[in-house]
Amino acid sequence: MSLYDPKTTALISIDLQAFITSRPVAPHSAQQVIENTAAIARQLKSQGGTVILVTVGFSADYADAVNHPADEPASFPKGGLPATALEAPPEIVALTVDAHVVKRQWSAFYGTDLDLQLRRRGIKTVILAGIATNFGVESTIRDAYAHSYAVIAAEDAMTSFTAEMHGFSCEKILPRLSRVRMTADILANL
């Protein structure tokens, strides 16, 4: 018996675009995250579920980017992100996506219409995947939890910049906000 109804479930894919997937990541490779995300998306769509692609993007002058003092501020190339930095991998491009949300913060909920897109579709459960686990994915999971969605974190369909960052989030933070599951378990329960 399924733990969730695919028709009221959405996969939210976070930042699977060249700007992010080209970085060194661990413990799962970017390619593994892409393949697992695509597998979940295909099966969920085949059963009437929703797929939402979330990417990060900014204006050429970064006027819409967060620019507060920080010990490790984000750095971006001058003149804006090149178009190639925003491209999704072929496996993600090939998916039938129900909505594409562009975010300018870590969380896909902040300053976007993601909550509206989910509620209008009757979504009750969200599955999160993407890069990086403890940044965009975790921030979105925190906000999904605060918005009263049941959350599933696809452990091997997300990764971070170090195995330690990913592990801390998956072992210490996400179990308090979600059900952390492997892709095979998610697919078996759809």
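Colleague: In which strand does Val-51 lie?
Modeller: In this predicted model, Val-51 lies in strand β2.

Colleague: Is Val-51 buried or exposed?
Modeller: Val-51 is buried, since its relative accessible area is 2%, and the cut-off for that label is under 20%.

Colleague: Which residues is Val-51 in contact with, leaving aside neighbours within four places in sequence?
Modeller: Val-51 is in contact with Leu-11, Ala-41, Lys-45, Thr-96, Val-97, Asp-98 and Ala-99. As for Thr-96, its C-alpha atom and that of Val-51 are separated by 7.4 Å, although the two residues are 45 apart along the chain.

Colleague: Where is Thr-96 found?
Modeller: Thr-96 is found in the loop between α3 and β3.

Colleague: And is Thr-96 buried or exposed?
Modeller: Thr-96 is exposed, with a relative accessible area of 54%; the label requires over 50%. Beyond four places in sequence, Thr-96 is in contact with Lys-45 and Val-51.

Colleague: What separates the C-alpha atoms of Thr-96 and Phe-109?
Modeller: These C-alpha atoms are separated by 21 Å, with the residues 13 apart along the chain.

Colleague: Let us turn to the overall fold. How many helices and strands are there in the protein?
Modeller: The protein has seven helices and six strands. Their pattern along the sequence is β-α-α-β-α-β-α-β-α-β-α-β-α. The radius of gyration is 16 Å, close to the 16 Å given by the globule rule for 190 residues, so the protein is as compact as a globular protein of that length.

Colleague: What does the C-alpha trace span along its principal axes?
Modeller: The C-alpha trace spans about 50 × 35 × 30 Å along those axes.

Colleague: What percentage of the residues is buried?
Modeller: Buried residues are 49% of the 190 in the protein. As for the surface, the protein exposes about 9300 Å², and carbon and sulfur atoms supply 54% of that area.

Colleague: What share of the contacts with a separation of 6 or more comes from residues 24 or more positions apart?
Modeller: Such residues account for 82% of those contacts.

Colleague: And the charges: how far apart are the mean positions of the positive and negative ones?
Modeller: They are 7 Å apart, for 16 positive and 19 negative charges.

Colleague: A change of topic, to helix α5. Which of its residues are buried?
Modeller: The buried residues of α5 are Thr-133, Asn-134, Gly-136, Val-137, Glu-138, Ser-139, Thr-140, Ile-141 and Ala-144.

Colleague: What do those buried residues pack against?
Modeller: They pack against strands β1 (9-14), β3 (99-103), β4 and β5, and against helix α6.

Colleague: Which residue with a positive phi follows α5?
Modeller: Ser-148 follows α5, and its phi is near 70°. Ser-148 is not a glycine. Its place is in the loop between α5 and β5 (150-159), and it is exposed, with a relative accessible area of 67%.

Colleague: Where is Tyr-62 found, and what is its phi?
Modeller: Tyr-62 is found in the loop between β2 (50-56) and α3 (90-93). Its phi is positive, about 60°, although Tyr-62 is not a glycine.

Colleague: Is Tyr-62 buried or exposed?
Modeller: Tyr-62 is buried, with a relative accessible area of 15%, whereas Ser-148 is exposed.

Colleague: Why do such backbone features deserve a remark?
Modeller: Because most residues other than glycine have a negative phi, and most peptide bonds are trans.

Colleague: On peptide bonds, what is the bond from Ala-26 to Pro-27, cis or trans?
Modeller: That bond is cis, with omega near 5°. Pro-27 has its place in the loop between α1 (18-21) and α2 (30-46).

Colleague: And what about the bond from Ile-131 to Ala-132, cis or trans?
Modeller: The bond from Ile-131 to Ala-132 is also cis, with omega near 10°. Ala-132 is in the loop between β4 (125-131) and α5 (133-146).

Colleague: Lastly, where is the place of Ser-178?
Modeller: Ser-178 is in the loop between α6 (163-173) and β6 (179-181). At 11% relative accessibility, Ser-178 counts as buried.

Colleague: Which residues is Ser-178 in contact with, beyond four places in sequence?
Modeller: Ser-178 is in contact with Ile-141, Val-151, Ile-152 and Ala-153. Of these, Ile-141 is one of the buried residues of α5.

Key. Residues numbered from 1 in each chain as written. Predicted model: local features only at pLDDT ≥ 70, side-chain atom pairs only at ≥ 80, totals over all residues. Heavy atoms only, no water. Helix = DSSP H or I, 4+ residues; strand = E, 2+ residues; numbered from the N terminus. Rg over C-alpha atoms; globule rule 2.2 N^0.38 Å. Buried < 20%, exposed > 50% of the residue type's maximum accessible area, 1.4 Å probe, protein only. Contact = heavy atoms within 4.5 Å. Areas by Shrake-Rupley, 256 points an atom, 1.4 Å probe, with all protein chains shown as cover. Lys, Arg positive; Asp, Glu negative; His and termini not counted. Charge placed at Lys NZ, Arg CZ, Asp CG, Glu CD.
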